[in-house]
Amino acid sequence: MVTPAAKPCPDESITAWALAARGGDAAAVEQFVRALHRDVQRFVAHLCADPQAVDDLAQDTFLRALGSLDRFEGRSSARSWLLSIARRAVIDSYRHAAARPRLSDAPDWQLAVESAQPRGLPGFEDGVALLDLLAVLPDERREAFVLTQLLGLPYAEAAEVSDCPVGTVRSRVARARATLLDLLGEADLAGRAEVLQPA
């Protein structure tokens, strides 16, 4: 089961750390990265299809952000600003992957990946089921759902990250919820039918 994020730091503090880091405060850089590292990892994990790339994408996000802190003026929250950078990092990774296909040493690469996944962890099956359900959602709805429901961003900040109106984010989240509920209902009915089948 995917656990909700720990109580997030107030956006005012994070933005203050970003502005202080912009001025060269090394301690503020560390606080800024620590405060948002988990959010960035979770966000890129839900946006990208490659679990092996999550750490690299998170690192790329912070490198981009720290390299452009001099342009951050604090007009929006540093969290929204950073998640926008994370979104662009994921999009750029897709573009890069499309331009350079990867080769696999194994004849059946999908079987190799599935067998390398951890098993028997508490909540593992629930987490896999949630990821499978989220993967069915269209990209825009999945992004809005992850930002607001899993990362806990307010709708206004999610709209800023997604570069769309707040009403669009609300609509996408509502549609994502409806789709997920329908899928859960279908899975529940299929599970009941399987139990009722004669052996």
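Arg87 is partly exposed, with a relative accessible area of 23%. Its partner is Glu143, and the two side chains meet in a salt bridge, 2.5 Å from N to O. This pair links distant parts of the chain, since Glu143 sits in helix 7 (residues 139-150) and Arg87 in helix 4, 56 residues apart. Glu143 is buried, at 5% relative accessible area.

Before I go on: this is a predicted model. The mean pLDDT of the protein is 81, and 75% of its residues reach 70 or more.

Back to helix 4. Which residue forms a salt bridge with Arg79? That is Asp39, with the closest N and O atoms 2.3 Å apart. Arg79 belongs to helix 4 (residues 78-99) and Asp39 to helix 2, so this bridge ties together parts that are 40 residues apart in sequence. Both Arg79 and Asp39 are buried.

Helix 2 also has a pair of its own. The side chains of Arg34 and Glu30 meet in a salt bridge, 2.7 Å from N to O. These two are four residues apart in helix 2 (residues 26-47), which means about one helical turn separates them. In general, an α-helix has 3.6 residues a turn, so residues three or four places apart point the same way.

Now helix 1, residues 11-22. Helix 1 has twelve residues and reaches 16 Å from its first C-alpha to its last, close to the 16 Å expected at 1.5 Å a residue. Which of its residues are buried? They are Asp11, Ile14, Thr15, Ala18 and Ala21. Viewed down the axis of helix 1, the buried residues fall within an arc of 120°, so they line one face of the helix. Just after helix 1 comes Gly24, which takes a positive phi of about 105°.

Last, confidence along the chain. Among the elements of the protein, helix 3 (residues 54-67) has the highest mean pLDDT, 93, and helix 5 (residues 109-116) the lowest, 64. Over residues 1-6 pLDDT stays under 50, and for this stretch the model has 16 contacts beyond four places in sequence. Where pLDDT is low, the predicted coordinates should not be read in detail.

Conventions: Residues are numbered from 1 along each chain as its sequence is written. This is a predicted model: local features need pLDDT of at least 70, side-chain atom pairs count only at pLDDT 80 or more; totals for chains, interfaces and linings use all residues. Side-chain values use heavy atoms; hydrogens and water are left out. The expected span of a helix is 1.5 Å times one less than its number of residues. Buried means under 20% relative accessible area, exposed over 50%, partly exposed in between (1.4 Å probe, protein chains only). The arc is that of the directions from the helix axis to the C-beta atoms. pLDDT is the predictor's confidence in each residue, from 0 to 100. Contact means heavy atoms within 4.5 Å. A salt bridge is a side-chain nitrogen of Lys or Arg within 4 Å of a carboxyl oxygen of Asp or Glu.
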